[in-house]
Amino acid sequence: QSTWGLNSIMNIFRLAADMLHLASFIILLLRMKSERSCRGISLKSQILYALVFTLRYLDLFAFLWALVTLDTEYLSGLVFYNSFMKVLFLSSTYYILYLMYGELRSTYDAPRDTFKIVYLIAPCALLALVIHEAFGVFEILWTFSIYLEAVAVMPQLLLLQRTGEADTLSANYMFAVGGYRALYLVNWVYRYFTEPHYTNWIVWIAGLVQTALFADFFYYYFVKVMSGESKLRLPTTSV
């Protein structure tokens, strides 16, 4: 079920996906701190990711309550793992926003990062109200976060296209973000064939959409790797 991932079975594909997702935060923060710059990073996408993780990880309150009450039926190794990763993703995302709004604000490429994120938030919210697994506040918020994550990278991709290039760390960050979701697709295929009655169409379709959005980037990324160029270069569009 989608309900908070507590019934999910850990496997090598999911673990690899989670580690790649974690690596994306490390790469991005390393790039921002070492270069003292957030140029080429979309603040709009980071805001969307913060919204995604905040709404999806509301179950952390249930985890905290289980810790306080020592609810051994709720607590398990997988729950501890999930909660730990959720805290890492949340804290990393908000720290990125803190840097972009604070000490690195002067390096933010605002004139190019002009995507109207309301055009992503509103349709995803409406879709979550119409298509969901169960009608309840938390389920709808969870579903909204799934839909929104699928398209949250669009401002970043547009900024990258307008810039026309990305340094190695920025390109590796984008690859890690796209690669983590691609590995989750493999995880879902694996679970479909190994777990009886496992289906989750909302997550599957959103994951396919998210991975498809990275297709063009993946092509240019592999061109960069094969050619040995120091920067990833893409066709540019005007602001």
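Residues are numbered from 1 along each chain as its sequence is written. In this predicted model, local features need pLDDT of at least 70, side-chain atom pairs count only at pLDDT 80 or more, totals for chains, interfaces and linings use all residues, and side-chain values use heavy atoms, with hydrogens and water left out.

**Exercise 1. Find the average pLDDT of the protein chain.**

Solution. Start with the term: pLDDT is the predictor's confidence in each residue, from 0 to 100. The chain averages 90. Next, 95% of the residues score at least 70. Then look at residues 1–7, where pLDDT is below 50. Beyond near neighbours in sequence, this stretch has 17 contacts in the model (heavy atoms within 4.5 Å).

**Exercise 2. Name the residues that touch the most other members of the largest nonpolar core.**

Solution. Take the definition first. A nonpolar core is a set of buried Ala, Val, Leu, Ile, Met, Phe, Trp, Tyr and Cys residues joined through side-chain atoms within 4.5 Å. Buried means under 20% relative accessible area, exposed over 50%, partly exposed in between (1.4 Å probe, protein chains only). The largest core has 67 residues; M32, M100, L148, F217 and L232 touch the most other members. Helix α4 (residues 77–101) gives the most to this core, with 9 residues. Helices here are DSSP runs (H or I, at least four residues), as are strands (E, at least two), numbered from the N terminus. Now follow L148: leaving out residues up to four places away in sequence, L148 touches L48, L51, V52, L120, I121 and C124.

**Exercise 3. Describe the lining of the second largest cavity.**

Solution. On a 1 Å grid over the protein atoms alone, a cavity is a set of points where a 1.4 Å probe fits but cannot get out; lining residues have an atom within 4 Å of a point. Grid points are joined across faces, edges and corners, and a volume is the space filled by probe spheres set on the points. The second largest cavity holds about 80 Å³. Its lining includes H21, Q46, E149 and Y173. Helices α1 (12–35), α2 (43–56) and α8 (168–194) each give two or more residues to this lining.

**Exercise 4. Decide whether R36 and H197 are exposed or partly exposed.**

Solution. R36 lies in the loop between α1 and α2. Its phi is near 55°, positive in a residue other than glycine. R36 counts as partly exposed because its relative accessibility is 42%. H197 lies in the loop between α8 and α9 (201–213). The phi of H197 is near 65°, also a positive value. H197 has 80% relative accessibility, so H197 counts as exposed.

Technical notes:
On a 1 Å grid over the protein atoms alone, a cavity is a set of points where a 1.4 Å probe fits but cannot get out, and a pocket is an open set with protein on both sides within 12 Å along at least five of seven lines; lining residues have an atom within 4 Å of a point.
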